[in-house]
Amino acid sequence: MKSLAVLFCSIMLLAASLVCPDIVRAESGANLTDFFAPLTAKVIMPVEKGVLIDKGAADGLAPGDILALVKTEKEIRNPRTGEVVDTLTDYAGFLVADRVKANLSYCRVVGRTGSVKEGSSARRFENVPIFFEDASGDGFPVFQALRKKLPHLLWQDYRVGSSPLTADGPALQIRYEDGSLTVVNRNKQILFVQRQVLPAPAAPVVAGRPVSAPVVAPSVAAPSVAVAEGRQPSWQAERIALDEQGAIAAVRAGDLDGDGRSDVLVGFDHALLVGHLENGKFREVSRTVFSADPQLINLSLFDLDGDGRLEVIASLLEEDRADARVYRFADGRLTRIAGAPMLLSIYQPAQGKAVVIGLDSTELMNRKPQFYTVTLANGQLLRTPCSLTGPDQPYGVVGFTDGDGASWLALLSPSGRIQVRNGDGEVRWESSDRFGGSTRGIQVAQPGRQNPDDFKMYFFRSRLLRTVRGTLLVSRHDDPGVFGNNPSYRKGTMVELAWNGASLDEIDRSRPLGGMVVDFDPLDQSGDGSRLLVAVLYREPGFFQKAVSGLVVLSRH
């Protein structure tokens, strides 16, 4: 009887395919948010080279729709309230609707899904890479509005001009041109057309949600920068070639020898280079080669001894041994003047001066380590135990104040989400979007935990930077999975954010820089973010796709 049922369903679907077009076109009044509305289907039974699902045209399903097969799901709860705040979903592969009837559909299976069982769940358009192609050059506000309205989609990079889909497996492209939005798949089939786009928002908002009780928005002083109201990005990019082989790990800029000229430090795992930017090139002045085979965890510039000159602090890690090396630049070369078995990084609180925070080598694997403030005197690094108010670790954390003088902390979670905490350390807002790009850090597993945010992870590079205006600078990627040994080298951008008292608004964004942003630093002393030096990893063409390092100078008009 089961084989007869399968045969009957197959015949009915074949008949339906004669009247169902392969290319779906929406009417001019249709809305893209309705097209991408969430839809969950159940697998009725496997059939030859595919499956039957219990959703069809009556439910809004159409030929070409892509559904993600759900493998496992795990609820994520607020540990204090027990409230379910999100769901961690693991996907097994994809289904593509080929023949659609009123109340059921035949879908072919795409990718390595294993055996698909009856009753398995499949969700339309979830976990499907969505690329936004802006043919007109003025569609960035529309892109921002769509991301806000459709947070369940797997948004990729924003592109200006025409470019093919680059994702492996199923993917969709939304093309904006002359006021219209068109959705196409990788076979260039048109799935949807919207003739009248959504109005651009006055101030693009980073997708996010309150985590605890909603914050009563204080009177916040308006940022002294223009809000992105459909204008082009104000940063202009200049690429700087690097001849050095290997993957760039860090970059810093500052006047190291007091001659009034900005020196540029470029860090690799094997060496630290000092030089200058001249005529679109990096001219090397000094090279310090690291012995053995360490990993450069962090590079900082700070006046450790209070003499008015910047010291260079390189924090290295070899297996489980930490090594902080302090250098002074004079007469065209770096000279090592101090060191300690620690990892050091600069911590900027909401109010007061920045300090250098240290973590002892013996505390690396401790889930509740002791942190120290570190200074330099008589060639020795002096450390004083300290406790942190707000964050549980000082790396990837930046403090700022609002218009009423209230203190806030912005920090990046291990999964790349930005959290905003009040002065007591309570999380008041968390982004749905993901940011950051550092591949440097230490992960300490906590027993019985599987969710990435349950791991204790220390990022030793501050990937959030506060400007003198109180805005925040951070990098962003179309693929957040950049922590670890296999970064994706996707196209990163630099983003500027401002706190409005309840959430972070995006007020500026650079164009895609062509690679993964691994680090950045101000290139001038103004501190307003008008000139940034950005370290980028590009992917070399070819089978092995090795990393190629480069620098980008971003300058505002």
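Author: In what follows, Ala, Val, Leu, Ile, Met, Phe, Trp, Tyr, Cys and Pro count as nonpolar, Asp, Glu, Lys and Arg as charged, and the others, Gly among them, as polar. The model under discussion is predicted.

Reader: How do the residues of the lining of the second largest pocket divide?

Author: Under that classification, the lining holds 16 nonpolar, 13 polar and nine charged residues. Of the 38 lining residues, Leu301, Ile346, Leu465, Asp521 and Pro522 lie nearest the centre of this pocket. By the definition, Leu, Ile and Pro count as nonpolar and Asp as charged. The space in the second largest pocket is about 1000 Å³.

Reader: What makes Leu301 a lining residue of the second largest pocket?

Author: A lining residue has an atom within 4 Å of a pocket point. Leu301 is listed among the residues that line this pocket.

Reader: Which strand supplies the largest share of the lining of the second largest pocket?

Author: Strand E18 does, with five residues. Strands E14 (248–254), E18 (295–302), E22 (342–347), E26 (397–401), E32 (465–466) and E36 each provide at least two.

Reader: Why is valine 518 called buried?

Author: Buried means under 20% relative accessible area. Valine 518 has 3% relative accessibility, and therefore counts as buried. Its place is in strand E36, residues 516–522. The C-alpha atom of valine 518 is separated by 7.8 Å from that of isoleucine 248, although the two residues are 270 apart along the chain.

Reader: What makes helix H3 mostly covered?

Author: Eight of the 10 residues in H3 (140–149) are buried. The buried residues are Phe140, Pro141, Val142, Phe143, Gln144, Ala145, Leu146 and Arg147. In the protein chain, buried residues make up 51% of the 557 residues.

Reader: Why is lysine 49 called exposed?

Author: The cut-off for exposed is over 50%. Lysine 49 has a relative accessible area of 72%, so the residue is exposed. Lysine 49 is placed in the loop between strand E1 (40–47) and strand E2 (50–53). Its phi is near 60°, a positive value in a residue other than glycine.

Reader: Is asparagine 279 buried or exposed, and how do you know?

Author: With 80% relative accessibility, asparagine 279 counts as exposed, because the cut-off is over 50%. Asparagine 279 belongs to the loop between strand E16 (271–278) and strand E17 (281–289). Phi of asparagine 279 is near 55°, again positive in a residue other than glycine.

Conventions: Residues numbered from 1 in each chain as written. Predicted model: local features only at pLDDT ≥ 70, side-chain atom pairs only at ≥ 80, totals over all residues. Heavy atoms only, no water. Helix = DSSP H or I, 4+ residues; strand = E, 2+ residues; numbered from the N terminus. Buried < 20%, exposed > 50% of the residue type's maximum accessible area, 1.4 Å probe, protein only. 1 Å grid on protein atoms, 1.4 Å probe; cavity = no way out; pocket = protein on both sides within 12 Å on 5 of 7 lines; lining within 4 Å. Points joined across faces, edges and corners; volume = space filled by probe spheres on them.
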